[in-house]
Amino acid sequence: MKNLVVLSGAGMSAESGISTFRDAGGLWDTYPVEQVATPEGYERDPALVIRFYNERRKQFLDVKPNCGHELLTELEKHFNVTVITQNVDNLHERAGSTNVIHLHGELTKVCSSKDPYDPHYIKELKSEEYDVKLGDLAADGSQLRPFIVWFGEAVPQIETAVQFVSKADVFVIIGTSMNVYPAAGLLNYVSREADVWLIDPKEVRVDSSRKINIIRKGASEGVAELLSRLCK
Ligand code: OAD
């Protein structure tokens, strides 16, 4: 089977009711990014940052994977599929995708404030633990912090992502403005022979001269069209 790699962003989950970041009314319009998504913001006001992610985590209890997430799992009948997502929700997994790489962390997990990427201290929260409090400690004695890769932090999964992307026969970009690096730079590792698709209702500027098949639709309709065009 051929290898198909998806790079997904916030638009993938928009039809599930999770707001994107940079569309009008998006999350970064409401919350200053430097306050809630940087290590400096966390150092300044950990309670505010913990509360921000608690609220987003609780929102997850009410949302479900959309048709786009579900149709992506259909592709697994025809391809070896790897989903590389910038999303911190778990909707790809809940829809049934088998191989999911989270570049920017996972909202249902917490980690050590001292060493956020030490796997020993990364913990999956049960739904009744979603309300993390100042004073809740990781096993190393430091404050539990959201397992989110903030701006200015290294992206530990990028090397693994590059390995999958460089072996892709088909590369599909869905619902990302391609503004944030190193995620957006993954396109540079796709082989020249591979087929590249981009699903987004708006025009997305990509930093590449290669041929890209554009499906200008939302995730659900767009993945349905992709399926019919790839698996006729
Ligand atoms: P953005 O908010 O930058 O981009 C969302 C994209 O989704 C835009 O191109 C929209 O046109 C598109 N979109 C909107 N509705 C859609 C739909 N129904 N179906 C498909 N696409 C739709 O979000 P990202 O590119 O994911 O990082 O942002 C990247 C990173 O920046 C995030 O992971 C987050 C953010 O800051 C961190 O928090 C570290």
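Q: Which residues lie nearest the centre of the largest pocket?
A: In this predicted model, G9, A10, F21, R22 and S177 lie nearest the centre of the largest pocket. The lining comprises 48 residues.

Q: How much space lies in that largest pocket?
A: The space in the largest pocket is about 890 Å³.

Q: And the lining by class, how many nonpolar, polar and charged residues?
A: The lining of the largest pocket has 23 nonpolar residues, 14 polar residues and 11 charged residues.

Q: Which helix gives the largest share of the lining?
A: Helix α1 does, with four residues. Both α1 and α5 (46–60) supply at least two residues each.

Q: Where does the largest pocket lie relative to the domains, and why?
A: The largest pocket lies between domain 1 and domain 2, because both domains give residues to its lining.

Q: What are the bounds of the two domains?
A: Domain 1 consists of 1–18 + 65–104 + 154–231, and domain 2 of 19–62 + 112–148.

Q: How many residues are in contact across the two?
A: On the domain 1 side there are 16 residues, in contact with 11 residues of domain 2. The C-alpha centres of the two domains lie 25 Å apart.

Q: Changing topic to helix α6: which of its residues are buried?
A: Helix α6 spans residues 67–74, and its buried residues are G68, H69, L71, L72 and T73.

Q: What do those buried residues pack against?
A: They pack against the strands β1 (2–8) and β7 (170–174), and against the helices α1 (11–14), α7 (91–95) and α9 (219–230).

Q: Which residue caps the N-terminal end of α6?
A: N66 caps that end, with a side-chain oxygen 2.7 Å from the backbone nitrogen of G68.

Q: How far apart are E15 and S220 in sequence and in space?
A: E15 and S220 are separated by 205 residues in sequence, while their C-alpha atoms are 7.8 Å apart.

Q: Where is E15 placed?
A: E15 is in the loop between α1 and α2 (27–30). E15 counts as partly exposed because its relative accessible area is 43%, between the cut-offs of 20% and 50%.

Q: Then S97, buried or exposed?
A: S97 is buried, because its relative accessible area of 8% is under 20%. S97 is placed in the loop between α7 and β3 (100–102).

Q: Which residues is S97 in contact with, leaving aside neighbours within four places in sequence?
A: S97 is in contact with T73, E76, V83 and H92. Of these, T73 is one of the buried residues of α6.

Definitions and conventions. Residues are numbered from 1 along each chain as its sequence is written. This is a predicted model: local features need pLDDT of at least 70, side-chain atom pairs count only at pLDDT 80 or more; totals for chains, interfaces and linings use all residues. Side-chain values use heavy atoms; hydrogens and water are left out. Buried means under 20% relative accessible area, exposed over 50%, partly exposed in between (1.4 Å probe, protein chains only). Contact means heavy atoms within 4.5 Å. A polar contact is a pair of N or O atoms within 3.5 Å; within protein, one must be able to donate a hydrogen and the other to accept it, and residues adjacent in sequence count only if both atoms are side-chain atoms. On a 1 Å grid over the protein atoms alone, a cavity is a set of points where a 1.4 Å probe fits but cannot get out, and a pocket is an open set with protein on both sides within 12 Å along at least five of seven lines; lining residues have an atom within 4 Å of a point. Grid points are joined across faces, edges and corners, and a volume is the space filled by probe spheres set on the points. Ala, Val, Leu, Ile, Met, Phe, Trp, Tyr, Cys and Pro count as nonpolar, Asp, Glu, Lys and Arg as charged, and the others, Gly among them, as polar. Domain bounds come from an automatic or database domain assignment.
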